[in-house]
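Biologist: Could you take me through this model and tell me what stands behind each term you use?

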Amino acid sequence: MTKTTKKNRTPVDLGRFKGFARYDGKSLKKLYDDWKSKTSAISGTSIGFYRYTGTLYDYILGHGISGRVLGNSGPAGVSEERKFKNVIGAIEALANNSEFDSSMINEIVKVYNTLTRLNKDDESDENPRNIAFQDPIDFDDETFEILDSGTVYGHYITPNYIEHRKAKASRNKKIKVPSKIDSSFYSYDKGKAEPPYWQYTLGPKGLITVLEEALSTMKEMGLDITTPISVEKKRGAGEYSYRNFAEFNGFFKRIFSKNNIKNFITPQGNISTDKIQRMLRKIKISPENNAENEEVKSWMDAKGLPGTIESFYIDISRRQINNIAQKYYKKNLEAALKAREKKDESKVSKSWREMIAW
């Protein structure tokens, strides 16, 4: 017996459309929780951020992808919208089956694409392993003025830096000398350093692997769209729905059957499009293949949306309803109208006979 994976039903806000997403987020949650636990356990001072009191997780939250050339202050500041805290918040919502929205989906896709691009370009200044610092190769023994320096990437606490700080601290006890760090954290060649910030963002155990799992999770999710999708301005959408969606087609066949059609004609002899429109909004429709899925996403202006739409509701115009009725059920309509005329004539003649008899 095959064991069925339980999928939670999570509210999702796609802007104009609301609904629910069903997916198994266990793998993502495990991977994210592990990543968060490891980065939260690494203090800033333990990896050479001796001026930083938070953890590596805190540091990543407050930073993004932005290169730093020269100096020894670490990555340059980034705008609020580019900070990793935004995508990490989106990952947490997805991993914990909390309500999420289209902006979170877009953030995950956007940041993953950015990190993937940087991972393929070891020469990029935006790649954290290429954060550039000036390494004090030679300095004056008396004044400690730096006489010669070279560029080092990834981290600034090199043996040269420590030696320079020790020399200065010999005369000024207030100057702190940092501890030695792992030599893999820095390199004099671009694309070779493996500083902790790189390891846990772009590296093999980095945020990029969590984002990859988040994308995989979203691609596998099923979407139930509960807001009726208006296709009034989508040319051919009514005809497409009639030809492709069994629930839609079946609805029209039922209401326009010979025995039922009379209930959908107004006293004036017109089709009750308003009544049909209201009833149709309550019919749940399920796409059966990828082509139908992509068509529905295009009606939502959501091409590229990950996941599969498993059910939705439609809102077509009265004009579209009338077009379908005239194209596929014209004979039934004409027959129903003739039957009504005969019935009306019968009522009239009967009333005259009753009057004459009186």
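This is a predicted model: local features need pLDDT of at least 70, side-chain atom pairs count only at pLDDT 80 or more; totals for chains, interfaces and linings use all residues.

Biologist: Thanks! How many helices and strands are there in the protein?

Modeller: The protein has 13 helices and nine strands. Both are DSSP runs numbered from the N terminus: H or I over at least four residues for helices, E over at least two for strands.

Biologist: Why is α1 called roughly antiparallel to α7?

Modeller: Helix α1 (residues 26-40) and helix α7 (residues 207-219) pack at an angle of about 165°, with axes 9 Å apart. That angle makes α1 roughly antiparallel to α7. Angles under 35 degrees count as roughly parallel, over 145 as roughly antiparallel, 65 to 115 as roughly perpendicular, and the rest as oblique. The axes are lines fitted to C-alpha atoms over the stretch in contact, and angles run from 0 to 180 degrees between N-to-C directions.

Biologist: Which residues of α1 and α7 meet?

Modeller: Ser-27, Leu-28, Leu-31, Tyr-32 and Trp-35 in α1 meet Leu-207, Thr-209, Val-210, Glu-213, Ala-214 and Thr-217 in α7, where contact means heavy atoms within 4.5 Å. The residues of this contact divide into seven nonpolar, three polar and one charged. Here Ala, Val, Leu, Ile, Met, Phe, Trp, Tyr, Cys and Pro count as nonpolar, Asp, Glu, Lys and Arg as charged, and the others, Gly among them, as polar.

Biologist: And what makes α1 and α3 oblique to each other?

Modeller: The axes of α1 and α3 come within 9 Å and cross at roughly 135°. The two helices are therefore oblique to each other. Leu-28, Lys-29, Tyr-32, Trp-35 and Lys-36 of α1 make the contact with Ile-88, Ile-91, Glu-92, Leu-94 and Ala-95 of α3. By class, the residues are seven nonpolar, no polar and three charged.

Biologist: Why are α9 and α10 called oblique?

Modeller: Their axes come within 12 Å and cross at roughly 140°, and α9 and α10 are therefore oblique to each other. Phe-248, Phe-251, Phe-252 and Ile-255 in α9 meet Ile-276, Met-279 and Leu-280 in α10. This contact has seven nonpolar, no polar and no charged residues.

Biologist: How do you know that Ile-271 is buried?

Modeller: Buried means under 20% relative accessible area, exposed over 50%, and partly exposed in between, with a 1.4 Å probe and protein chains only. Ile-271 has a relative accessible area of 12%, so this residue is buried. Ile-271 lies in the loop between α9 and α10 (273-280).

Biologist: What makes a set of residues a nonpolar core?

Modeller: Such a core is a set of buried Ala, Val, Leu, Ile, Met, Phe, Trp, Tyr and Cys residues joined through side-chain atoms within 4.5 Å. The largest one has 88 residues, and Ile-108, Phe-248, Phe-252, Trp-299 and Phe-312 have the most contacts inside it. Helix α3 (residues 84-95) gives the most to this core, with eight residues.

Conventions
Residues are numbered from 1 along each chain as its sequence is written. Side-chain values use heavy atoms; hydrogens and water are left out.
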